[in-house]
Amino acid sequence: MGWAARRIGVSLLLVWVVASIVFLAIHLVPGDPAELLLSSGGVAPDPGAVAELRDRLGLNLPLAQQYVSFLSGVVRGDLGTSLVDEYPVLDEILLRLPRTLELIAAGALIAVLVGIPAGTLAALRRGSAFDRIASGLAALLLAVPVFVVGTLLVLVFAQILRWMPAGGYVPLAEDPWRHLTLLALPALAIGKGLVAVVFRMTRASVLDALSRDFVRTARAKGLSPSRVLMRHVVRNALIPVLTVLALHMGTLLGGTVLVEYVFNWPGLSTPLLRAVEARDYPMVVGIVLTISALFVLLNLVMDLVYAALDPRIRHA
Amino acid sequence: MRTTRRALIAAGAGLPFLRLAGAQAQRTPGLLRFGLSAFPPSVQPWANTGTAAATVKLLIHRGLLSYDTQGNLRGELAEEWRNEGAEAWVFRLRPNAVFHNGEPVTASDIKWNLEQIAAERSTAYYRAEMQGISRIETPDERTVRIVMKSPVVTLPNWMASYHMGMVSRRSPAGQPIGAGPFVIRSQERGTSLDLVAFDKYYKPGLPKLRALKLVAYADENLRVAALQAGDVDLIEYVPWQSMASIEADERFKLDTVDGPFMYLLFNATRGPLADARVRRAIARAIRRDDIVKAAFFGRGSPLEGMPIQPNSEFYDPELSKGWRYDPAEARRLLAEAGHPNGFSTSILATAQYGMHKNTAEVVQQSLADIGIQAELRLPDWATRVSLGNRGQYEIAVNGTSTDNNDPDGLSNLVNGSLSPSYVRSYGLRVPRLEELMAQARAEFDRAKRREIYRDAQRVVLEEAPIVGLAWRSQGYAMAREVTGFKNMPGSLSFFSGITLEETAIG
């Protein structure tokens, strides 16, 4: 129990360190949110108006004081309000985080549905035409940047074929069919990299499992080939695949920005980008804090699960 | 059937005809879908929060005046206006204008608005200008008499700005109640705004549309894709690289004007740039055609003098070409200023916007031809603004548009007595120019005013407090079926949202 408590303590410490670094970094970068907002469109704002806005936003307080009030806010579960439109940061995150999670989940679903069967087949028919073509395709998918794929998808499906809207978002409750149509292309763009990762990982892992002793034993005791494949090979092979997939999904939390931008998907990355551009300090810090807290939580859960399964970790 | 290469090619060529019925969003009668370039950060009436917000403000608010599609002033909440002497302006309100809460627009409302804008704790764009009001009289509920501290001929232009929307004095805090043709019904934060027509709008028969859906597309290519896919009917900020393909497509109309412009700024507090001859040499050395090609795909025109539009009454064909490309003259001026072999300097722009970066690159090459070695500094926009405001640069590239087509709007860019700003040169005072600009602002005689601005242009050519580079084309694109929408002339392009009250579709 002491080990778990220590591990949780370290995680909280980590989140605090990240929050502090982000807070200091964004404040130290040149640029003044009040000035920027009133300068929108390339015009010169009235200096009196800028001074008034700075004062109203609390930007004239000493940095240490802003930091303390930020930390005490976080402890109370208050991330402050946007400097641009005074909207509560926490509400913005709660509104947008589920959309980013949905996008990542949809991409992961595509990756699993395509990558695992294809990877297994490629491993079983190692060296065949399918294996070579699929492996080549996977390398290509990994190499082509996501904004190229995104733009091509829009060009083909929205502009030429006109099967799909070019991008945007409609809440699920408002119009479920249109919601899913709009989800399809960005999910494909997110999924394309994941498919490649899952495919390669599955192929390697299945190849590895195929050469194991327990597979030989299973075959020797007369199990049908399909039963050997499903129960013994694929099940064992999937453990590393899922670990890698989970890790990739974690990094996608802050990494969907290009896809969200290209498809106008109003997830969490877009406001982060906007907030950095506008020097909207509370928004930047709030979003990065959320993403890092989720990442730390993911790692913590994995650690605790491994520890529960393997006592050696607890006593190391 | 065997799959042959020929069959595949044929199938590929047939793809565009394979459109699934019903996959596209269907048009609803009376509803126009408008693709904005950004989601407006706020639609509070008086503060500047960018051009996308301006479009929304022009839909939900109205000021005393506005402009017609020719760029002439026209009445809105005020049906008549005139000056009484040099300092007083009288606005006569129309009898039938009502706010969205149904209450009439009265002189007391207008007075209250002007007081709020000028207030000490105001963040309004026209705060300083409205602080120039000495007193506001409301002899009756339809008459507003504004007395300025000093004569201002451009007050009506200020009143026509989209930053001067008038709201009910009974508006709850933070929820301004306007008198425009549309009302915001709902919004999907960061994504879209739904507006419906206001049934008691003071212009009979307007707005023609029943509803408007504004959808933000930050990515310019996606904005074009959304138009081509039929997701939206009208888009703003058409990227220059897409203009040709939209023009060639018979399903769409492209409406462009040369309005905003690019120009150079200088830090005149030190080094060679403090010398007007060096700045003039730079002005003569720039290959402006290359800027129009490189930054705007040919969609613009060279700007070789003070930024005054060719259709303006203040335009002078000769003076507007005062900085014609002439590298020999540039070298001569440099030598005269004591730099026959040039010097080293730096150019500040931003990598965040392609047009700023591409412009800076052409300037860099042009300067190299006359021996000036300039290093490019391309931080993000926020840093660029901050460095500009603090004078931490030598030469800077900027792009802007004036508040209206009156040359008075240029004071902001050339008046060195104003506080330091990234839109003005740093530490560069030209007292003669400041005098002329102030004189012109107070001159009610049009012929005399034209003469003053002619003098001002001569001083600008000589002193080069800023150096014009290129006009850039500002474009709207729309489906053929959209009628009544018009890109307003010159720097009023960003006012085009006002024509949405006369826009119809189908």
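**Ground rules.** I am working with a predicted model, where local features need pLDDT of at least 70 and side-chain atom pairs count only at pLDDT 80 or more, while totals for chains, interfaces and linings use all residues. Residues are numbered from 1 along each chain as its sequence is written, chains are lettered from A and ligands numbered from 1 in the order in which they are written, and side-chain values use heavy atoms, with hydrogens and water left out.

**Confidence.** I noted ipTM 0.78 and pTM 0.84 for the model.

**The interface.** I looked up who takes part in the contact (heavy atoms within 4.5 Å): 48 residues from chain A and 53 residues from chain B. The two chains bury about 4400 Å² between them, 50% of it on carbon and sulfur atoms; this is accessible area (1.4 Å probe) lost on being put together, summed over both parts. On the chain A side, A:A44, A:R162 and A:W163 lose the most area to chain B, together 16% of what that side buries.

**Bridges between chains.** I then turned to salt bridges (a side-chain nitrogen of Lys or Arg within 4 Å of a carboxyl oxygen of Asp or Glu). Helices (H or I, at least four residues) and strands (E, at least two) are DSSP runs, numbered from the N terminus. A:R99 counts as buried, at 4% relative accessibility; buried means under 20% relative accessible area, exposed over 50%, partly exposed in between (1.4 Å probe, protein chains only).

**The end of α12(A).** In this helix, residues 269–278, the buried ones are A:S269, A:T270, A:P271, A:L272 and A:A275. A:R279 follows, with a positive phi near 55°. Its side chain meets that of B:D380 in a salt bridge (3.0 Å, N to O).

**Within chain B.** I found B:E434 and B:R429 in a salt bridge at 2.8 Å, N to O. B:E434 is buried at 14%, whereas B:R429 is exposed at 52%. I also noted a network of salt bridges linking B:R62, B:R74, B:E76, B:K203 and B:E501.
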